[in-house]
Amino acid sequence: MAAQINPSILSADFARLADEAEAVAGADWLHVDVMDNHFVPNLTLGLPVVESLARATDTPLDCHLMIDAPDRWAPQYVEAGAGSVTFHVEAAAAPVRLAREIRAKGARASMALKPATPIEPYEDLLPELDMLLIMTVEPGFGGQAFLDIMLPKIRRTRELIRKHGLELWLQVDGGVSASTIERCADAGADVFVAGSAVYGASDPAEAVRALRTQAEA
Ligand code: DX5
Ligand code: ZN
């Protein structure tokens with residue numbers, strides 16, 4: 001699969017979200033970070049903003065839920081217009097049931113792992129998912145330094161995906177930039193979230209193109 005670049009609107013201007021979405025119209029997905037100040041020590045946005053943003057842009061929304069009780073909330077993000085919904089396995093009570101519910105409602109189901117959460121216990125769940133997200137920073141804030149120690153986990157996950165012959169996408173999120181994206185791609189990631197590297201650039205659309213070129217090199 002060609003590399004996908006998903007700009008994270010966490011680094012955008014929240015008062016101008018429709019314009020900020022338009023500024024990266026060439027992106028594959030818009031990454032929307034939902035934080036509840038419980039699962040992570042930060043608070044961002046919720047269902048009403050996702051609903052409005054889904055109406056305001058043609059770019060599909062990749063909602064990353066950094067929240068407690070995703071079993072209760074994730075299906076509502078599908079109804080709000082998300083094309084992909086990612087829940088954290090550390091917070092989910094019943095990840096298989098939840099992934100099935102997200103798919104049944106018509107979105108791509110995705111599961112995220114914090115840096116200290118291993119992939120191995122979840123090998124048998126992989127067929128239930130459309131994407132797996134490996135966090136390359138501790139979730140909660142944009143602009144943090146990429147954790148190199150996550151590269152072996154990305155590699156091992158790619159091997160598991162191959163072993164099972166799955167079409168699962170492998171996403172990385174946190175500290176992805178011109179100086180780290182090639183290492184992620186080399187380890188087997190194919191979907192790249194970038195917040196500060198896109199919205200911190202003078203030309204966000206060009207930053208998306210440059211990251212994609214680098215990831216496919
Ligand atoms: C962090 C969020 C990320 C964040 C990435 O918890 O999940 O999506 O926006 O920001 P950068 O790319 O600046 O590390
Ligand atoms: Zn994210």
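Select β8 (191-194) in this predicted model. Both of its faces are covered: Val191 and Val193 are buried on one side, and Phe192 and Ala194 are buried on the other. In a regular strand the side chains alternate between the two faces of the sheet.

Strand β1 (residues 4-7) runs parallel to β8 and is joined to it by 4 bridges. To find one contact point, pick proline 7, whose bridge partner in β8 is alanine 194. β7 also pairs with β8 in the parallel sense, over 3 bridges. Here glutamine 171 stands opposite valine 191 of β8. Together, β7, α6 and β8 make a right-handed β-α-β unit.

Stay on β7 and select aspartate 173, which lies in this strand. UniProt, in an unreviewed entry, places the feature "active site" at Asp33 and Asp173. These two are spread over 141 residues of sequence but cluster in space, with a largest C-alpha distance of 10.6 Å. Is aspartate 173 buried or exposed? Aspartate 173 counts as buried because 25 other C-beta atoms lie within 10 Å, where the cut-off is 20 or more. Leaving out residues up to four places away in sequence, aspartate 173 touches His64, Leu133, Met135, Thr136 and Val193.

Move to aspartate 33, in strand β2. Aspartate 33 is buried too, with 25 other C-beta atoms within 10 Å. Which residues is aspartate 33 in contact with, leaving aside its neighbours within four places in sequence? They are Ser8, Leu10, Thr44, His64 and Met66.

Now display ligand 1 and the 22 residues around it. Those that come nearest are Ser8, Leu10, Gly142, Gly195 and Ser196. β2 (30-35), β8 (191-194) and α7 (196-199) each supply at least two residues of this shell. Coloured by type, the shell divides into 8 nonpolar, 12 polar and 2 charged residues.

Compare that selection with the "binding site" feature that UniProt lists in an unreviewed entry; among its positions are Ser8, His64, Gly142, Gly143, Asp173, Gly174, Gly195 and Ser196.

- Glycine 143 sits in the loop between β6 (131-135) and α5 (151-163). With 13 C-beta neighbours inside 10 Å, glycine 143 counts as partly exposed.
- With 26 C-beta neighbours inside 10 Å, glycine 174 counts as buried. Residues up to four places away in sequence aside, glycine 174 touches Met135, Thr136, Val137, Gln144 and Phe146.

The last stops concern the backbone. Most residues other than glycine have a negative phi. Select asparagine 37, in the loop between β2 and α2 (47-56). The phi of asparagine 37 is near 65 degrees, a positive value in a residue other than glycine. Asparagine 37 is partly exposed, with 13 other C-beta atoms within 10 Å.

Finish at alanine 69, in the loop between β3 (61-66) and α3 (70-79). Alanine 69 also has a positive phi, near 55 degrees. With 15 C-beta neighbours inside 10 Å, alanine 69 counts as partly exposed.

Note on methods: Residues are numbered from 1 along each chain as its sequence is written. Chains are lettered from A and ligands numbered from 1 in the order in which they are written. This is a predicted model: local features need pLDDT of at least 70, side-chain atom pairs count only at pLDDT 80 or more; totals for chains, interfaces and linings use all residues. UniProt positions are given in the numbering used here, feature names are shortened, and annotations may be inferred rather than shown by experiment. A residue is buried if 20 or more other C-beta atoms lie within 10 Å of its own, exposed if 12 or fewer, and partly exposed in between; C-beta atoms are placed from the backbone. Two residues are in contact if their C-beta atoms, placed from the backbone, lie within 7 Å. A residue is near a molecule or strand if its C-beta atom, placed from the backbone, lies within 6 Å of it. Ala, Val, Leu, Ile, Met, Phe, Trp, Tyr, Cys and Pro count as nonpolar, Asp, Glu, Lys and Arg as charged, and the others, Gly among them, as polar. Two strands pair if DSSP finds at least two bridges between them. A crossover is right-handed if, with the strands pointing away from the viewer, the path from the first strand over the helix to the second runs clockwise.
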